[in-house]
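Work through the exercises below with the coordinates open. Each task is followed by a solution in steps.

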Amino acid sequence: MSKIAKVEPISVSYPEPNDNGAIRNLTLCRIETTDGIVGWGEAISMWPEACRATEIVISGMSDLLIGRDPLDNGVIIRDVAARSWWYGPEGIAAFARSAIDIALWDLRGKVSGQSLVTMLGGAVQSKIPVIASTHAFSASLEDEVKKHAKYVEQGFHGFKIGLGKKGDARIGYEFDRDVNFMKMLRESVGPKADIMFDRGQHLRWDASYATRLTMAFEEYGLRWIEEPLEPWDLQGFRQLRSHCTTLVATGERCWTTDQYRRLIESGIVDVVGCDPGRVGGITGFRELIGLVEQSQLWFNAHAWSSAIITAASLALSASSSRSLLFELKPIDNPMQNELVEEPFWHVDGYISAPNRPGLGVEVKDSVVQKYRMP
Ligand SMILES: [Mg+2]
């Protein structure tokens with residue numbers, strides 16, 4: 001019988017062309033069995049110090065995994081949670097739990113010959129519409145409009161643009177210029193393409209400004225506004241929602257099912273953001289899907305790191321009718337296009353959950369080593 005033999009955390013550091021070439025970091029977890037089967041997980045730990053701390057916690061908990069049957073992933077992850085409550089359940093403890101959980105599901109699937117979506121009960125959605133998840137870099141709005149129109153021509157159902165990000169675009173800072181940008185985008189891509197905006201953390205909008213801007217975007221058919229305010233500003237979100245019918249997306253900064261339950265009960269959200277590399281892996285994300293389904297809301301996978309998170313997020317999104325779309329980064333990048341044998345891409349604007357065992361991705365060890373944090 002296959003038993004867990006080795007648990008190895010590996011942080012990687014890589015340039016992200018979709019983020020204007022910025023260096024980003026994350027922590028992978030590689031779990032190997034006695035018969036050489038390998039499962040991969042990931043935590044979106046982002047900052048070097050968080051990556052190092054996540055590595056230490058994963059290594060420290062390896063004794064809870066070694067010698068265990070990979071088919072017991074649910075029992076093992078409960079043991080991991082039971083030990084880390086002392087310094088968790090959020091933060092570094094959640095990153096470590098997330099990476100371990102995803103690797104255990106991958107391993108379980110490979111040992112049993114089942115894909116993740118099969119283990120989740122099957123694909124409720126056989127294919128999901130894909131949008132391009134972008135940042136704007138260019139000082140020229142005309143260039144940015146052309147760039148985004150091209151994504152729609154290539155088959156994407158639309159795009160979500162991060163505002164206030166790196167580069168020279170400076171979108172999200174000037175009301176009239178931003179509304180004009182929205183107008184130009186809509187005129188260029190036609191009435192059907194999805195256009196969404198996601199406020200970056202550098203932008204400080206108050207409730208009145210966020211409401212006014214969302215109302216102006218709404219005139220041009222904004223699909224949703226993401227993180228328009230800080231997540232704790234419940235009063236601000238209520239003000240915005242009382243004036244707009246645009247869907248409001250938030251939640252990607254939550255760590256636990258309990259936090260998601262409170263967010264949903266607050267009544268401020270339509271589209272709940274979630275990343276398995278942060279919320280306790282596939283196990284944590286699945287708990288959120290249960291809450292979203294009960295509440296008749298929507299969820300959206302954050303999925304802006306490696307193909308490991310994309311694979312997990314895609315199976316989870318396909319396992320429910322409550323996900324609206326799936327995000328792909330449109331520019332080739334190391335952690336999507338180099339890391340795995342068959343990178344994710346859409347077919348005529350749609351994507352399906354992988355059907356190979358486990359996560360369904362073949363991670364290249366050589367690429368992991370190439371980007372390994374020194
Ligand atoms: Mg976001």
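Helices here are DSSP runs of H or I with at least four residues, and strands are runs of E with at least two, both numbered from the N terminus. The model is a predicted one.

**Exercise 1. Overall fold**

Task: State how many helices and strands the protein has, and decide how its radius of gyration compares with the globule rule.

Solution. 
- Step 1. The protein contains 13 helices and 12 strands.
- Step 2. Along the principal axes, the C-alpha atoms fill a box of roughly 65 × 40 × 40 Å.
- Step 3. Of the 374 residues, 52% are buried.
- Step 4. Take the contacts between residues at least 6 apart in sequence: 74% of these join residues at least 24 apart.

**Exercise 2. Helices α6, α7 and α8**

Task: Classify the packing of α6 against α7, then that of α7 against α8, and list the residues that make each contact.

Solution. 
- Step 1. Helix α6 covers residues 175–189 and helix α7 covers residues 207–218; their axes come within 9 Å and cross at roughly 25 degrees. Angles under 35 degrees count as roughly parallel, and α6 and α7 are therefore roughly parallel to each other. Their crossing is right-handed.
- Step 2. On the α6 side the contact is made by F175, D178, V179 and M182, and on the α7 side by L213, A216 and F217. By class, this contact of α6 with α7 has six nonpolar residues, one charged and no polar.
- Step 3. Helix α8 spans residues 234–243, and its axis comes within 9 Å of that of α7, with a crossing angle of roughly 25 degrees. α7 and α8 are therefore roughly parallel as well. This crossing, too, is right-handed.
- Step 4. Here α7 contributes A207, A210, T211, T214 and M215, while α8 contributes G236, Q239, L240 and H243. The contact of α7 with α8 divides into four nonpolar, five polar and no charged residues.

**Exercise 3. Surroundings of L64**

Task: Locate L64, decide whether L64 is buried, exposed or partly exposed, and find its contacts beyond four places in sequence.

Solution. 
- Step 1. L64 sits in the loop between α1 (48–60) and α2 (73–84).
- Step 2. A residue counts as buried with 20 or more other C-beta atoms within 10 Å. L64 has 19, so L64 is partly exposed.
- Step 3. Beyond its neighbours within four places in sequence, L64 is in contact with I76, D79, V80 and R83.
- Step 4. V80 is 16 residues from L64 in sequence, and their C-alpha atoms are 6.9 Å apart.

**Exercise 4. Backbone exceptions**

Task: Which peptide bond is cis, and where are E227 and A303, whose phi values are positive?

Solution. 
- Step 1. Most residues other than glycine have a negative phi, and most peptide bonds are trans.
- Step 2. The bond joining G88 and P89 is cis, with omega about 10 degrees. P89 belongs to the loop between α2 and α3 (91–112).
- Step 3. E227 has phi near 45 degrees and lies in the loop between β7 (224–226) and α8. E227 counts as buried because it has 23 C-beta neighbours inside 10 Å.
- Step 4. A303 has phi near 40 degrees and lies in the loop between β10 (298–301) and α11 (307–318). With 27 C-beta neighbours inside 10 Å, A303 is also buried.

Technical notes: Residues are numbered from 1 along each chain as its sequence is written. This is a predicted model: local features need pLDDT of at least 70, side-chain atom pairs count only at pLDDT 80 or more; totals for chains, interfaces and linings use all residues. The radius of gyration is taken over C-alpha atoms; the globule rule is 2.2 Å times the number of residues to the power 0.38. A residue is buried if 20 or more other C-beta atoms lie within 10 Å of its own, exposed if 12 or fewer, and partly exposed in between; C-beta atoms are placed from the backbone. Two residues are in contact if their C-beta atoms, placed from the backbone, lie within 7 Å. Axes are lines fitted to C-alpha atoms, for helices over the stretch in contact, and angles run from 0 to 180 degrees between N-to-C directions. Angles under 35 degrees count as roughly parallel, over 145 as roughly antiparallel, 65 to 115 as roughly perpendicular and the rest as oblique. A crossing is left-handed if the near helix is turned anticlockwise from the far one by less than a right angle, and right-handed if clockwise. Ala, Val, Leu, Ile, Met, Phe, Trp, Tyr, Cys and Pro count as nonpolar, Asp, Glu, Lys and Arg as charged, and the others, Gly among them, as polar.
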